[in-house]
Amino acid sequence: MARGDFDPENLSQADISTEERDKLVAEMMRYMLFKLHQHPGVPVKREELTQLVTKNYRQRNLPAAVITQAQKKFATIFGYEMKELQRSRPSKSNNVRSSQQSTTESKSYILKSMLPEELRTKLVENKETSHFLGLTFAIVGIVQLAGGKIPEDTLWQYLRRLGLDEHDEKHPQFGNVKQAIETIVKQRYIQKEKAIGPEGDMIVYELAERALDDIVNGRLKESITQIVKQGIPMAEPSEA
């Protein structure tokens with residue numbers, strides 16, 4: 001095994017002291033908690049976590065080993081899953097323009113409570129922000145029912161039916177509605193890309209990796225069932 005190479009699952013093999021090892025893991029955990037507080041629900045890029053290690057150490061496998069150890073400690077100490085997300089690539093149809101990303105750059109991490117869903121809903125989820133979660137599920141549901149991809153103009157036509165307008169900057173629950181949509185993009189429930197349409201450039205929204213989460217999928221099915229029961233039409237809307 002070359003110098004600097006070791007099993008990422010076994011941080012004790014790294015050529016650093018126990019004190020240095022524990023300090024790196026603690027620093028990474030503090031960073032994840034800080035980002036969770038600063039930008040709730042927004043995944044942290046692997047590149048950011050890697051830089052916490054590589055600024056002072058050069059061992060090739062050390063960042064991966066520190067991440068693995070941080071994941072274990074989050075689970076055992078805090079009851080959090082430090083879940084790795086693989087960034088969804090936009091579809092190649094409709095001439096969607098996107099930049100190529102390396103595997104490392106396309107990975108990110110979020111912290112999720114490991115409590116059962118019933119307890120998480122009761123004890124962890126913030127009822128004061130439940131309206132934003134409702135908006136997220138409404139948008140993900142619309143994109144899902146549209147086949148996983150929808151033009152921006154069409155999405156806004158659906159949202160207007162729900163009383164949301166792209167020009168509203170003082171919505172009682174969401175404030176600036178456009179910024180609320182951007183937050184959902186940052187949280188990786190949906191992603192937006194430029195595409196070439198019949199009338200030139202356009203924005204297309206697609207499902208992102210967090211929309212494929214098992215819990216999200218389960219709740220989404222419940223939401224869609226409610227939509228069907230309420231008889232909300234999901235056919236192609238007419239032009240506003």
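Modeller: Welcome! A salt bridge here is a side-chain nitrogen of Lys or Arg within 4 Å of a carboxyl oxygen of Asp or Glu. Please keep in mind that this is a predicted model.

Colleague: Is glutamate 209 buried or exposed?
Modeller: The limit for a buried residue is under 20% relative accessible area. Arginine 188, at 6%, counts as buried. The value for glutamate 209 is 9%, so this residue is buried.

Colleague: How far apart in space are proline 43 and arginine 188, C-alpha to C-alpha?
Modeller: Proline 43 belongs to the loop between α1 and β1, and its contacts beyond four places in sequence include Lys186, Gln187 and Arg188. Proline 43 is itself buried, at 11% relative accessible area. In sequence, 145 residues separate proline 43 from arginine 188, yet their C-alpha atoms are apart in space by 7.4 Å.

Colleague: Let's move to helix α1. Which residue meets lysine 35 in a salt bridge?
Modeller: Lysine 35 is found in helix α1 and is buried, with a relative accessible area of 16%. Leaving out residues up to four places away, lysine 35 touches Pro40, Val44 and Glu48. At 3.7 Å, N to O, its salt-bridge partner is glutamate 48.

Colleague: How large an arc do the buried residues of α2 cover around the axis?
Modeller: The buried residues of α2 (residues 46-54) are Arg46, Leu49, Thr50, Leu52 and Val53. They lie on the same side of α2, because the arc they cover is only 150 degrees.

Colleague: And which elements are among those that cover the buried residues of α2?
Modeller: One of those buried residues, Arg46, is also linked with Glu84 and Lys107 in a network of salt bridges. The elements that cover the buried side include α1 (18-38), β1 (44-45), α3 (62-78), β2 (80-86) and β3 (107-113).

Colleague: Now the open sheet of three strands: which strands stand at its edges?
Modeller: The order of this antiparallel sheet is β4-β6-β5. Two of its strands have a single partner strand each, so one side of each is left without a neighbour in the sheet; these are β4 (149-151) and β5 (190-197).

Colleague: Which residue is the bridge partner of glutamine 191 in β6?
Modeller: β5 pairs with β6 (residues 200-207) in the antiparallel sense over eight bridges. In β6, the partner of glutamine 191 is glutamate 206.

Colleague: Last one: at about what angle does helix α7 run to β5?
Modeller: Another helix, α6 (residues 152-161), lies across β4 and β6, at about 90 degrees to β4. Helix α7 (residues 177-186) lies across β5 and β6, and its angle to β5 is about 105 degrees.

Terms used
Residues numbered from 1 in each chain as written. Predicted model: local features only at pLDDT ≥ 70, side-chain atom pairs only at ≥ 80, totals over all residues. Heavy atoms only, no water. Pairing = 2+ DSSP bridges. Helix = DSSP H or I, 4+ residues; strand = E, 2+ residues; numbered from the N terminus. Contact = heavy atoms within 4.5 Å. Axes fitted to C-alpha atoms, helices over the stretch in contact; angles between N-to-C directions. Buried < 20%, exposed > 50% of the residue type's maximum accessible area, 1.4 Å probe, protein only. Arc of directions from axis to C-beta.
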